[in-house]
Amino acid sequence: MSTPMDIDETSQASIQSAASSPRRSTRISSRASTPAPAPVLARATRDATEAVNQASNTADWVAAAPRPVQPPTDGSAFDALAHISSSAYNNSRTATLASPVPDVCRTAPCCLGIDEAGRGPVLGPMVYGISYCPLSDDPRLRQMGFDDSKKLDEPTRRRLFDDINKANDFMGFSVCVISPQDISSSMLRRAKYNLNALSHDTAMSLVQRALDDGVNIAKVFVDTVGTAETYQEKLSERFPGIEFKVSAKADSLFPIVSAASICAKVVRDHVLDIWQFSEPHGSTIGRDFGCGYPSDPVTKQWLQTNMDSVFGFPGVVRFSWGTCKNILIDRAVNVTWEDDGEDEDDERANAKKSNHSILEFVKPTAPKRHRYFIERKLEIVQDLR
Amino acid sequence: MEITVEHNTRAAQLAMHSLPCSIDHNGPANISSYFLVESDTASGVHAAKFRGRQLAGITAQVPSGLVGALLRESRPALTDQEARTLDVAGQFREFTLWNLETPPTAQADMMRALHAIEVAAILHGNDDDPQPPQSETPSA
């Protein structure tokens with residue numbers, strides 16, 4: 001049964017009185033929530049209806065992601081990073097940004113590379129990138145000097161990303177920035193949706209989008225997520241007529257994958273560099289989160305410092321990561337969900353599980369009640385603990 | 001044991017949330033900082049996240065003629081013999097009922113419980129007096 005939380009809309013006085021008598025109720029002051037603008041709302045509703053209608057495990061935003069940001073029509077250059085820095089970008093939502101499709105890519109058979117950035121870190125978005133160009137432009141592609149984005153330093157990656165943008169006469173790219181909030185809620189859904197499935201679906205949605213935008217895709221190179229063979233099978237089945245080549249280290253083998261990897265990495269770094277916390281107290285949250293990997297002591301310290309004992313972490317954090325789960329089990333108040341225990345992996349959480357109910361302070365002294373009342377969790381309060 | 005509720009019709013109006021989980025905490029919490037609610041005015045569905053999980057909520061009305069009350073014991077009992085007094089520390093006419101991922105339906109326990117209160121009012125009511133009884137106050 002649910003635990004009620006009551007929110008006092010305004011008064012400081014009520015916080016005071018709550019603090020002086022904290023035993024009986026959760027009494028909290030809150031700002032009234034302002035209605036969100038319409039596009040946001042449309043999405044929320046759609047999420048809800050889709051979750052009901054969908055038998056599949058696909059994340060709702062993959063199935064019905066918003067249209068990518070359209071390139072400017074006035075002939076000015078498309079600037080993905082500037083868009084992310086602008087107020088039009090909401091970092092708590094998954095977004096797809098696509099460059100214009102060069103005309104030559106609509107006719108000439110193209111190669112397309114897929115790679116991701118930010119899979120391991122405990123915070124920030126995971127970014128999927130694709131880039132494509134005509135197969136016949138391979139020599140030009142090779143001259144650009146791409147390599148695995150992880151082997152390049154940041155200034156080199158930024159320079160290469162600029163080069164990709166400038167090569168818009170024969171190269172296009174798009175990125176899908178999966179927000180940490182969406183990663184958390186996808187992985188923590190009732191019907192568990194793991195990171196590999198999330199990655200595969202995102203990659204496929206980017207390929208589909210490129211097809212929809214008119215790119216003549218002939219060959220796709222992918223850096224593997226999970227087993228290369230099963231992934232390749234999955235992709236070939238979904239897109240018959242396109243040749244897929246899934247392999248480990250594809251980003252250092254194929255320049256078009258390196259290009260995709262650079263797009264993904266530069267965008268991920270930029271999103272995190274300028275991250276604005278959506279929490280109202282965001283300006284007071286430190287930005288010293290280190291490299292974001294759970295193994296980094298700086299990141300660990302940041303998580304410890306910025307933990308709230310009831311709510312956990314700010315939205316930038318991926319709650320579904322083991323590191324976060326463990327910090328919450330050790331230091332935050334216990335939260336029990338109605339579907340807890342269904343997931344056998346959560347042994348630690350289950351061990352600490354409690355069965356507090358809304359009526360925990362009421363001694364059930366009444367004789368056994370009719371099923372009608374039991375089903376509705378209706379009880380007569382006759383005694384207090 | 002005697003339990004008395006000290007009525008206070010001027011108690012502060014509260015914005016209440018009923019979450020689909022049990023939180024081992026009684027006391028203040030940083031709701032305004034962390035519990036960010038987005039509402040769709042067209043469908044009346046609210047969206048928020050708690051501990052990384054997606055919640056969907058609807059606004060539930062306290063049955064007409066009744067008010068919801070937050071009861072608080074300002075003086076804790078020292079023995080289990082003495083009479084207990086609860087104060088109405090806040091009141092509400094509606095609250096947000098949250099569910100995991102999908103909005104609660106009319107079949108949700110809470111919605112059925114609220115319906116049961118209306119059923120009770122009809123069952124125990126007097127035909128001459130269609131108003132539901134005022135004496136009982138549900139505590140959500």
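**Confidence in chain B.** I started with pLDDT, the predictor's confidence in each residue, from 0 to 100. In chain B of this predicted model, strand E1 (residues 3–6) has the lowest confidence, a mean of 82, while strand E5 (residues 46–50) has the highest, at 96. Strands here are DSSP runs of E, at least two residues, and helices are runs of H or I, at least four, numbered from the N terminus. Chain B as a whole has a mean pLDDT of 85, with 89% of its residues at 70 or more. For the complex, I noted an ipTM of 0.81 and a pTM of 0.77.

**Ground rules.** Residues count from 1 along each chain as its sequence is written, and chains are lettered from A in the order in which they are written. Because the model is predicted, local features need pLDDT of at least 70 and side-chain atom pairs 80 or more, while totals for linings use all residues.

**Cavities.** How many cavities of 30 Å³ or more does the whole structure hold? I found 3. A cavity is a set of points on a 1 Å grid over the protein atoms alone where a 1.4 Å probe fits but cannot get out, and its lining residues have an atom within 4 Å of a point. The largest cavity has a volume of about 60 Å³, volume being the space filled by probe spheres set on the points.

**Its lining.** H9(A) gives the largest share, 3 residues. Strands E5 (126–134) and E6 (172–178) and helix H9 (195–212) of chain A each supply at least two. Among the lining residues I spotted A:Tyr132, A:Phe173 and A:Arg209.

Notes: Heavy atoms only, no water. 1 Å grid on protein atoms, 1.4 Å probe; cavity = no way out; pocket = protein on both sides within 12 Å on 5 of 7 lines; lining within 4 Å.
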